[in-house]
Amino acid sequence: MGLRLIDLQIIERIRQNLPKPGRVLSLGYPDVLLAETDLRKLFDLDSAEFQFREDSAEIIKWHGAVLDKLVETKHFFSLLGLEFDAWDIHASRGVEKEVDLNHGLDVAEPVCLYDLVIDGGTVEHCFNIAQAMSTIALMVKQGGFVFHDNPCNMYNHGFYNLNPTFYFDWYESNGFVVTLCALTDGEKYMPVERTTRFSEIPERMSLVCVARKLIHNPPYKWPMQMKYRGNPDLKAA
């Protein structure tokens with residue numbers, strides 16, 4: 001998974017509302033797919049000493065990115081004043097905690113640890129997506145943020161393509177507020193309908209969503225889709 005320009009711009013806006021130091025959890029190890037000069041400008045890091053991955057060429061080729069080298073993600077987040085952890089089903093980058101999001105957390109696992117949880121393209125690969133979303137909600141602190149970038153029309157990319165109503169119904173039923181939900185090609189936003197149907201969008205679009213946790217109130221509820229809550233008989237208004 002990789003953090004594109006649009007992802008990094010959103011993370012920078014979220015960062016303005018995070019404590020310092022803060023804690024970040026990423027679901028999957030996110031490669032930072034932006035050049036060093038652009039990162040310095042976006043995050044105001046003119047004097048920072050970046051670290052770079054020794055396997056940059058291999059990872060850049062895997063992403064099909066146009067970059068000379070790849071900054072090391074954990075160190076990059078430390079430059080932002082954020083302690084970084086990553087979970088994944090396999091420790092493919094060697095630093096992840098191995099967690100299968102298809103299953104619930106161990107009862108001894110501490111919760112509400114993170115000021116920001118980043119899902120840069122993970123939950124669509126979890127067959128038990130509802131359990132994965134519940135774990136995300138448990139791990140973010142009250143007042144903290146969740147950031148998603150998941151596919152909307154990338155067929156066979158994962159088990160699922162997601163819709164705006166997925167985020168709104170889940171989060172607003174469970175003590176969060178959605179502060180951003182938009183279609184993106186990785187560089188710019190497109191307006192998106194909250195609950196009504198839409199069509200004719202470009203290929204390979206994803207949805208970015210930011211939700212803020214207002215209250216901590218588990219166990220989390222599986223929501224009914226908004227259009228059925230507002231019109232249970234499916235009759236015209």
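Leucine 214 is partly exposed, with a relative accessible area of 48%; partly exposed denotes values between buried (under 20%) and exposed (over 50%), computed with a 1.4 Å probe and protein chains only. The model is predicted, so that local features require pLDDT of at least 70 and side-chain atom pairs count only at pLDDT 80 or more, while totals for chains, interfaces and linings use all residues. Residues are numbered from 1 along each chain as its sequence is written, and side-chain values use heavy atoms, with hydrogens and water left out.

Leucine 214 is located in the loop between strand 10 (206-213) and helix 7 (226-230). Together with Val177 and Ile215, Leu214 makes a nonpolar surface patch of about 230 Å². Such a patch consists of residues with over 30% relative accessible area and no salt bridge, nonpolar side chains (Val, Leu, Ile, Met, Phe, Trp, Tyr) being joined within 5 Å and like charges within 9 Å.

The protein chain contains 7 helices and 10 strands, defined as DSSP runs numbered from the N terminus (helices H or I, at least four residues; strands E, at least two). Of the 237 residues, 47% are buried.

An open sheet of 8 strands shows mixed pairing and the order 5-4-2-6-7-10-8-9; two strands pair if DSSP finds at least two bridges between them. Strand 5 (97-98) and strand 9 (189-190) stand at the edges with a single partner strand each, so one side of each lacks a neighbour in the sheet. Strand 9 pairs with strand 8 (residues 176-184) in the antiparallel sense over 2 bridges, and threonine 184 has tyrosine 189 of strand 9 as its bridge partner.

In strand 7 (residues 140-151), 9 of the 12 residues are buried, so this strand is largely enclosed by the rest of the structure. Strand 6 (residues 114-119) runs parallel to strand 7 and is joined to it by 5 bridges, with isoleucine 118 opposite phenylalanine 147 of strand 7. Between strand 6 and strand 7 the chain passes through helix 5 (residues 129-139), forming a right-handed β-α-β crossover; right-handed means that, with the strands pointing away from the viewer, the path from the first strand over the helix to the second runs clockwise. Strand 7 is also joined to strand 10, by 7 bridges in an antiparallel arrangement. Phenylalanine 145 has arginine 212 of strand 10 as its bridge partner.

Conventions
Accessible areas come from the Shrake-Rupley method with a 1.4 Å probe; for residues, only the protein chains shown count as cover. A salt bridge is a side-chain nitrogen of Lys or Arg within 4 Å of a carboxyl oxygen of Asp or Glu.
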